Amino acid sequence: MLKLAIIGAGVWGETHAGIFAEHRDAENVAICDRDESRAAAVAKKYGIKEVYTDYREMLKQSGCDAVSIVTPDHLHGDIAVACAEAGKDMLIEKPIATTREDVHRIVDAANKHKVRVMVDLHNRWSPPFAAAKQAIDAGELGEVQSGYFRLNDIKWVATDMLSWSAQSSILWFLGSHSLDTLRWLFNDDVKRVYSVSRAGVLDALSVPAVDTYLTTLEFNNGGIAQMENSWITPNGNPCINDIKCNILGSRGMVAVDASNHNLIQKYTDAKTEVPDVLVRNTVHGRVKGFAYESIRSFVDCLNDGKEFVVSMEDAAKTSLAILSIMESAKQRLPVDVTY
Ligand SMILES: NC(=O)c1ccc[n+]([C@@H]2O[C@H](COP(=O)([O-])OP(=O)(O)OC[C@H]3O[C@@H](n4cnc5c(N)ncnc54)[C@H](O)[C@@H]3O)[C@@H](O)[C@H]2O)c1
């Protein structure tokens, strides 16, 4: 039985608690949040016995084997290094970190203390993207030549859902998913990036953050891709995420439209909803969807001693390439990615 602890009892920390609670080979022994009432509420809902407000105390006291780090994007570094020093394996929410220094600190600490790290870049469990990957790996598309990936959020995510959006970026919050997916589908590393960004809409809504990045990626083996990441799609869109992806090969193409699958539409006099049941839903009391599959996979791989589907190195390269994208947008020049 794998003993797990969670740091960060917010929206997504609760998602981790949900899957640990129903996994037969996992026991959620502790939860920590700076805000005790949040940790206590999740603990009560999922029967977690120990509640902490200081993660260092939790690492000392709880006897956990592994930790989920589910704090805001820019607050993964110190916590992940402390977990490595305490000898704990980790599932870090995406992105692994948001500065070069933190990325290298985490990788060095994990290697030094021989702990295993997975980062929750869960698009690899999304059914349409998994099918695209299988087609590419089976050679159905021939040589992958180019790609387009648009992954945007409605404004509400930056203005209301996240209290820390100004300390993050659409590139961290969603761009990490699109870049990880493109790296995975191209089976290659990004060599050079050229990004153009625009700001102003979120600034006017009192969120000092970039609205949109349009980025061209060049891969080592010659593949090229365009990546669109915006935090300002209209709040009236019933799909919070706007997801479109095309991958073009020498003999074929796959096209994914994951935002408008329309599997279910729900209308009342007050509103329209298009629940994204592929991401997460509950069926007969059990949590389903690819957002849970990635977390379940972390537990399974630790228990079975198998390789993670997303390695620490994958996630580190994704974050380092995003930092190069930000540099490119700032300098208004193409930038070679520094790993
Ligand atoms: N895999 C996905 O697609 C997905 C989806 C949503 C969020 N996330 C990621 O999950 C992480 C958390 O996002 P969220 O939406 O749950 O944020 P949130 O703001 O709802 O929750 C974060 C929690 O962390 C707590 N916290 C901050 N610093 C802490 C510390 N030092 N010690 C203990 N607790 C601390 C906060 O009090 C807060 O309760 C982010 O990295 C985000 O990008 C991933």
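## Around the ligand

Sort the shell around the ligand by class and you get 12 nonpolar, 6 polar and 7 charged residues. Here Ala, Val, Leu, Ile, Met, Phe, Trp, Tyr, Cys and Pro count as nonpolar, Asp, Glu, Lys and Arg as charged, and the others, Gly among them, as polar. This is a predicted model, where local features need pLDDT of at least 70, side-chain atom pairs need 80 or more, and totals for chains, interfaces and linings use all residues. Residues are numbered from 1 along each chain as its sequence is written, and side-chain values use heavy atoms, leaving out hydrogens and water.

Of the 25 residues around the ligand, W12, D33, R38, D73 and W164 come nearest; a residue is near if one of its heavy atoms lies within 4 Å. Helices α1 (11-22) and α8 (170-186) each give the shell at least two residues. Helices (H or I, at least four residues) and strands (E, at least two) are DSSP runs, numbered from the N terminus.

## Polar contacts and cover

Now for polar contacts, pairs of N or O atoms within 3.5 Å. A backbone N or O atom of W12 sits 2.8 Å from a ligand oxygen, and for a polar backbone atom of V11 the distance to a ligand oxygen is 3.1 Å. W164 uses a polar side-chain atom, 2.9 Å from an oxygen of the ligand. On its own the ligand exposes 850 Å², and the protein buries 91% of that (Shrake-Rupley method, 1.4 Å probe).

## Two helices side by side

The axes of α4 (residues 77-85) and α5 (residues 100-112) come within 9 Å and cross at roughly 10°. Axes are lines fitted to C-alpha atoms over the stretch in contact, with angles from 0 to 180 degrees between N-to-C directions. So α4 is roughly parallel to α5, a label for angles under 35 degrees.

In α4, G77, D78, A80, V81 and A84 meet D102, R105, I106, A109 and A110 of α5, with contact meaning heavy atoms within 4.5 Å.

K94 and P95 are joined by a cis peptide bond, with omega about -10°. P95 belongs to the loop between β5 (89-93) and α5.

How values were computed. Polar contact = N/O pair within 3.5 Å; in protein donor to acceptor, adjacent residues only side chain to side chain. Parallel < 35°, antiparallel > 145°, perpendicular 65-115°, else oblique.
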